[in-house]
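Here is a short briefing on one protein model. Look at the structure first, then read the points below.

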Amino acid sequence: MALKEKALKRMAEKLNAAGVVWAAGGDWLLAQKGWLRDYHDFEVTAADDEAADRVLTRLGMRQEGDPASGQAAHYHFDGADVTLMSAQSLPGGLPESVAQERLTVLGVQVPVLTTEALLAQARQTGNHRRAELISACLGETSGKAD
């Protein structure tokens, strides 16, 4: 995964330098927490979709996302796939407090969604697999009848 981490480092450097309020999430974050074994792409949620889109578009190939599932756009660069999640994929958008936690990736600070925000985003976008995984890892019950 070293190539993908290099892409994450480059992306973080560019988003941070542009002053974009953003946070990484998705399967990459679940893998960092030890809740998934593998990840194949990165998800980014930004407070300002347009500012993040400008930065990410300069990094590589861009294609439109699926607004119905909260995806603003997809990008491919440096051997990695990145999905920009719309700020509306989080109830209330992305306040800076949602990304208080930071991980260091190849010497660069990467803001990450809180577990609560990651769960809320999974539920908001209809990603039931991810919502159930996070709930199970947190020891929550799904509320489904047996």
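Does K4 count as buried or exposed? K4 counts as buried, because its relative accessibility is 16% and the cut-off for buried is under 20%. Keep in mind that this model is predicted.

**Around K4**
- K4 sits in helix 1, which covers residues 2–17.
- Beyond its neighbours within four places in sequence, K4 is in contact with Y39, H40, F42, G79 and A80.
- K4 and F42 are 38 residues apart in sequence, yet their C-alpha atoms are 8.9 Å apart in space.

**The aromatic rings**
- The count of aromatic pairs comes to 2.
- W28 belongs to helix 2 (residues 26–32) and F42 to strand 2, so the pair ties together parts that are 14 residues apart in sequence.
- The rings of Y39 and F42 have centres 5.6 Å apart and planes at 50°, so they are tilted too.
- W28 counts as buried at 1% relative accessibility, and F42 is buried with a relative accessible area of 1%. Y39 is buried as well.

**A charge over a ring**
- K33 lies over the face of W35, 5.6 Å from the ring centre.

**Around E43**
- E43 is part of strand 2, residues 42–46.
- E43 counts as buried, because its relative accessibility is 10%.
- The side chains of E43 and R130 are joined by a polar contact of 3.0 Å.
- Not counting residues up to four places away in sequence, E43 touches several residues, including A23, T83, M85 and Q121.

Notes
Residues are numbered from 1 along each chain as its sequence is written. This is a predicted model: local features need pLDDT of at least 70, side-chain atom pairs count only at pLDDT 80 or more; totals for chains, interfaces and linings use all residues. Side-chain values use heavy atoms; hydrogens and water are left out. Helices (H or I, at least four residues) and strands (E, at least two) are DSSP runs, numbered from the N terminus. Buried means under 20% relative accessible area, exposed over 50%, partly exposed in between (1.4 Å probe, protein chains only). Contact means heavy atoms within 4.5 Å. A polar contact is a pair of N or O atoms within 3.5 Å; within protein, one must be able to donate a hydrogen and the other to accept it, and residues adjacent in sequence count only if both atoms are side-chain atoms. Rings of Phe, Tyr and Trp (its six-membered ring) pair if their centres lie within 6.5 Å; planes under 30 degrees apart count as stacked, over 60 as edge-to-face and the rest as tilted. A charge sits over a ring if NZ of Lys or CZ of Arg is within 6 Å of the ring centre and within 35 degrees of the ring normal.
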